[in-house]
Amino acid sequence: MFIAPKRILLLLLLLLPAPNSLLAQSSLAESLSQDDALQDAAIIAVRSALGARKQTAVVRRSTFIVEIGMYIATYRGTHNSRTLENIQNRYAAARAELLEPRLPATMEELVSILEML
């Protein structure tokens with residue numbers, strides 16, 4: 001039996017509900033892979049959403065993918081609905097404060113896009 005790679009399955013799942021949103025996600029994923037300022041905004045927003053202390057600048061210890069990976073793992077390891085709601089509220093506040101319109105409206109969307117990288 002053929003087992004499709006994880007990325008192909010993820011893309012198929014994303015295509016089914018809303019094909020136009022896949023284009024937007026793909027465009028954002030491309031921007032995230034190339035734009036240092038957007039990467040910094042994503043790191044700051046995710047850190048804020050997860051409850052880390054306020055941060056105005058990013059000091060990278062490694063590549064963006066490695067740096068953001070631990071935050072993705074933390075978010076994915078959270079299962080309590082109240083905690084996820086608080087994370088979303090903090091993400092929305094951080095996103096508004098950063099004035100970065102390219103970041104998606106929800107933390108879940110951002111994490112899904114980051115996982116595609």
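1. Helix H5 (residues 81-98) holds both Glu85 and Arg82, which sit 3 residues apart, about one turn of the helix. In this predicted model, their side chains form a salt bridge with an N to O distance of 3.1 Å. Glu85 is partly exposed, its relative accessible area being 41%.

2. Glu115 and Arg76 form one of them, with the closest N and O atoms 2.9 Å apart. This pair links distant parts of the chain, since Glu115 lies in helix H6 (residues 107-116) and Arg76 in helix H4 (residues 64-76), 39 residues apart.

3. Both partners of the link between helices H6 and H4 can be described by their accessibility. Glu115 has a relative accessible area of 36% and is partly exposed. Arg76 is likewise partly exposed, at 31%.

4. A further salt bridge joins the side chains of Glu100 and Arg102, at 2.9 Å from N to O. Here the two partners fall into separate accessibility classes: Glu100 counts as buried because its relative accessibility is 13%, under the 20% limit, whereas Arg102 is partly exposed, with a relative accessible area of 37%. Through salt bridges that share partners, Asp35, Glu100 and Arg102 are joined into one network.

5. For the discussion of these contacts, one general point applies: side chains of opposite charge can pair when their charged atoms come close.

How values were computed:
Residues numbered from 1 in each chain as written. Predicted model: local features only at pLDDT ≥ 70, side-chain atom pairs only at ≥ 80, totals over all residues. Heavy atoms only, no water. Salt bridge = Lys/Arg side-chain N within 4 Å of Asp/Glu carboxyl O. Helix = DSSP H or I, 4+ residues; strand = E, 2+ residues; numbered from the N terminus. Buried < 20%, exposed > 50% of the residue type's maximum accessible area, 1.4 Å probe, protein only.
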